[in-house]
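This report looks at how parts of one protein chain are placed and paired. Look through the sequence and the structure before reading on.

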Amino acid sequence: MIERYPRIRIHSEAGSVLVRDGLTIRFFMHHSHQEFAPTLVAALDAFIQAVGPQTLAWYPDMEGDWRRLDDRCWEHTRKELLESRSPYITLANRPDGAADFQFEYTGVSHDETGPFDEPGRACDARFWLSTEFLEQHGPGHVRDLAMKLGATLPFHSGYTSLSINALHQLLGVTRHVRRVCFRYPGMDVLNDSVYRSIGTRVPGAYWLTFLGQPVLGELGGVAGLRSRLSSPGTTVQQLEGDRAVVTLGEWPQAGNVEAGEGLPAYRELARVLEPWLYHDTSSVYNQDFPPEDKLRWERRFLD
């Protein structure tokens with residue numbers, strides 16, 4: 001056990017990591033991708049600068065097989081981000097198992113919609129960091145990186161959180177995640193498909209919770225939000241563009257239900273945000289994380 005959070009490693013029979021502890025920085029933009037494509041590339045460049053230019057060295061091809069990134073592939077990736085109306089990009093530091101560092105982006109176009117597309121679709125940018133990166137550089141450095149990425153992107157909501165990073169596409173992996181997550185409520189396991197319907201709502205209460213419009217305005221702005229939060233260590237900072245970030249203490253916390261660590265600051269923020277919190281209404285049934293558990297997870301700081 002690491003002092004500040006659990007070390008989670010679940011391996012396959014072949015030895016690759018299927019589930020691991022990590023840190024996620026994530027932003028949702030209820031815009032068409034083409035409205036801010038250059039700033040998304042700038043955010044990716046900032047992330048690469050932070051983790052090292054050779055770190056994101058792999059990408060999956062059209063068949064899902066991992067390939068090494070070379071100069072030609074980098075050029076293609078940047079062109080895709082700048083010119084495609086709805087790009088989907090994944091870059092990672094390793095091809096074998098859950099990555100230590102990863103960038104994943106799903107872009108949407110509100111001008112080109114299909115018969116099953118929901119009006120709440122949002123572009124979704126995810127940046128994975130290892131917990132070793134957090135330990136090495138400290139929470140202030142990670143917070144500065146999240147703030148830099150947030151300043152670049154026109155987000156409506158976002159967060160930075162300890163997370164359980166996993167290869168959910170593999171059979172049985174989600175079952176492993178479900179067994180662990182309820183013990184550590186501060187570790188994010190938000191559904192990958194949340195971008196399909198989140199709109200301008202808020203995904204939850206996290207170590208860093210980024211709020212944009214219209215939610216921040218409906219909360220009474222920074223002053224109104226600040227007046228509702230009284231937990232020690234909680235701060236509310238005004239950001240450009242009528243946005244804000246709520247920080248719950250110096251370090252992100254995982255919590256531990258079995259040890260009685262209920263994360264009261266996270267509960268307080270969740271209660272304040274409750275009218276605007278995202279709820280997954282998808283009818284897709286997952287036996288490894290059934291609807292009653294999914295709802296229980298969404299409301300872990302409320303019930």
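Is threonine 90 buried or exposed? Threonine 90 has a relative accessible area of 10%, so this residue is buried. Here buried means under 20% relative accessible area, exposed means over 50%, and partly exposed is in between, with a 1.4 Å probe and protein chains only.

This is a predicted model, in which local features need pLDDT of at least 70 and side-chain atom pairs count only at pLDDT 80 or more, while totals for chains, interfaces and linings use all residues. Residues are numbered from 1 along each chain as its sequence is written, and side-chain values use heavy atoms, with hydrogens and water left out.

Threonine 90 sits in strand β5, residues 88–92. Helices (H or I, at least four residues) and strands (E, at least two) are DSSP runs, numbered from the N terminus. Apart from neighbours within four places in sequence, threonine 90 is in contact (heavy atoms within 4.5 Å) with residues including Trp58, Tyr59, Pro60 and Trp66. Gln102, Phe103 and Glu104 are also among the contacts of threonine 90.

Leucine 44 belongs to helix α1. Its relative accessible area is 0%, so leucine 44 is buried. With neighbours within four places in sequence left aside, leucine 44 is in contact with Leu56, Trp74, Leu81, Leu91 and Phe103. The C-alpha atoms of leucine 44 and alanine 99 are 17 Å apart, and these residues are separated by 55 residues along the chain.

**Nonpolar cores**

In soluble globular proteins, nonpolar side chains tend to be buried together. A nonpolar core is a set of buried Ala, Val, Leu, Ile, Met, Phe, Trp, Tyr and Cys residues joined through side-chain atoms within 4.5 Å. The largest such core in this model has 90 residues, and Phe127 and Leu129 have the most contacts inside it. Helix α1, residues 37–51, gives the largest share of this core, with 8 residues. A second, separate core has 7 residues, among them Phe28, Val194, Tyr206 and Tyr278.

What is phenylalanine 127 in contact with, leaving aside its neighbours within four places in sequence? The list includes Leu23, Thr24, Ile25, Phe27, Ala43 and Phe47. Gln102, Phe103, Leu149 and Leu153 are also in contact with phenylalanine 127.

**Cysteines**

Cysteine 123 is buried, because its relative accessibility is 0%. Cysteine 181 is likewise buried, at 0% relative accessibility. The model has 0 disulfides, a disulfide being a pair of cysteine sulfur atoms within 2.5 Å.

**Salt bridges**

Side chains of opposite charge can pair when their charged atoms come close. A salt bridge is a side-chain nitrogen of Lys or Arg within 4 Å of a carboxyl oxygen of Asp or Glu. The structure holds 21 salt bridges, including the pairs in the table.

| Aspartate 45 | Arginine 78 | 2.7 Å |

Aspartate 45 is partly exposed at 31% relative accessibility, and arginine 78 is partly exposed at 27%.

Arginine 94 is partly exposed, with a relative accessible area of 22%, whereas aspartate 100 is buried at 15%.

Glutamate 274 is in the loop between α8 (264–273) and α9 (291–298), and arginine 299 is in the segment after α9, 25 residues apart. Glutamate 274 is partly exposed at 35%, and arginine 299 is partly exposed at 27%.

Salt bridges that share partners join Arg7, Arg9, Arg20, Asp21, Arg94, Asp96, Asp100 and Glu132 into one network.
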